[in-house]
Amino acid sequence: MVEIYLFVNPLDELCLLSEQRFLEAIENEETKVYLKLIPILNPLIIHHYLIDNNYPTNDLVFRNHLIETVYSACLDVKAAQLQGKKMGRKFLFHLQNLVGKEKMAYSDELVDMILTKINADKETFKLDRQSKIIKEFFKIDQQIANEMGVNRFAKAVIFNYDSTRNFGVLIDAFSSTDLIKQLLKVEHTQTNCAKLLEY
């Protein structure tokens, strides 16, 4: 069995591409693979995101708007995920495509349009989105990311319970499909894996 934790920006096109790459890599795997898409956000990740995308790091108005927008989108994704893994994934993919790729402005109206498109239960979504449990789920996700040393969007941690290693491997989510498939193999020596860890 393999568990993959993929930490993403819910509004980013590149994260969408990384998710698609992982889905392609595990599509024909005989091993049972659990892919967990986790929207994340913290000040350090935002700081790295600003630098990586050549955005100004000293513009507090822009930074605060970005944090608020990504945070709201993270909660949207968590609410959608309560309607099932597939529904959550569809919502996330549409959101990343429309905001990240098509450059549409993130808004309540856009979220409503996506919910209609994927046939989600809107009333349930609204109730879940306003509940305290969504924020708790979000906090748990951030704790997991912190414990796994994730400090940027689009990072993945792979646990292969059928291999000889008893630890997760942290990789860039834009890594090659070959590398991802290699980490899904049953046998993998600890020495080789250590080379893949990022510090």
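Reader: At roughly what angle do the axes of helix H4 and helix H5 cross?

Author: Let's look at this predicted model together. Helix H4 covers residues 85-101, and helix H5 covers residues 108-117. Their axes come within 10 Å, and the crossing angle is roughly 135 degrees.

Reader: What word describes how H4 and H5 lie to each other?

Author: An angle over 145 degrees would count as roughly antiparallel, and 65 to 115 as roughly perpendicular. The axes of H4 and H5 cross at roughly 135 degrees. H4 and H5 are therefore oblique.

Reader: Is the crossing of H4 and H5 left-handed or right-handed, and how many nonpolar residues does the contact have?

Author: The crossing of H4 and H5 is right-handed. The contact includes Phe91 and Leu95 of H4, and Met113 and Ile114 of H5. By class, the contact of H4 with H5 has one polar residue, one charged residue and, for the nonpolar ones, nine.

Reader: How far apart are the axes of helix H3 and helix H6?

Author: Helix H3 is residues 60-81, and helix H6 is residues 122-130. They pack at an angle of about 125 degrees, with a distance between their axes of 9 Å. That angle makes H3 oblique to H6.

Reader: Which residues in H6 meet H3, and how many residues of the contact are charged?

Author: On the H3 side you can find Ser72, Leu75, Asp76, Ala79 and Ala80. They meet Phe125, Asp128 and Arg129 in H6. The residues of this contact divide into four nonpolar, one polar and, for the charged ones, three.

Reader: Is cysteine 74 buried or exposed?

Author: Buried means under 20% relative accessible area. Cysteine 15 counts as buried at 1%. Cysteine 74 has a relative accessible area of 0%, so it is buried.

Reader: What separation do the C-alpha atoms of isoleucine 46 and asparagine 151 have?

Author: Isoleucine 46 lies in helix H2, residues 43-52, and counts as buried at 0% relative accessibility. Leaving out residues up to four places away in sequence, isoleucine 46 touches Leu41, Arg63, Leu66, Ile67 and Phe153. Isoleucine 46 and asparagine 151 are 105 residues apart along the chain, yet their C-alpha atoms are separated by 9.0 Å.

Key. Residues numbered from 1 in each chain as written. Predicted model: local features only at pLDDT ≥ 70, side-chain atom pairs only at ≥ 80, totals over all residues. Heavy atoms only, no water. Axes fitted to C-alpha atoms, helices over the stretch in contact; angles between N-to-C directions. Helix = DSSP H or I, 4+ residues; strand = E, 2+ residues; numbered from the N terminus. Parallel < 35°, antiparallel > 145°, perpendicular 65-115°, else oblique. Contact = heavy atoms within 4.5 Å. Nonpolar A, V, L, I, M, F, W, Y, C, P; charged D, E, K, R; others polar. Buried < 20%, exposed > 50% of the residue type's maximum accessible area, 1.4 Å probe, protein only. Left-handed = near helix turned anticlockwise from the far one by under 90°.
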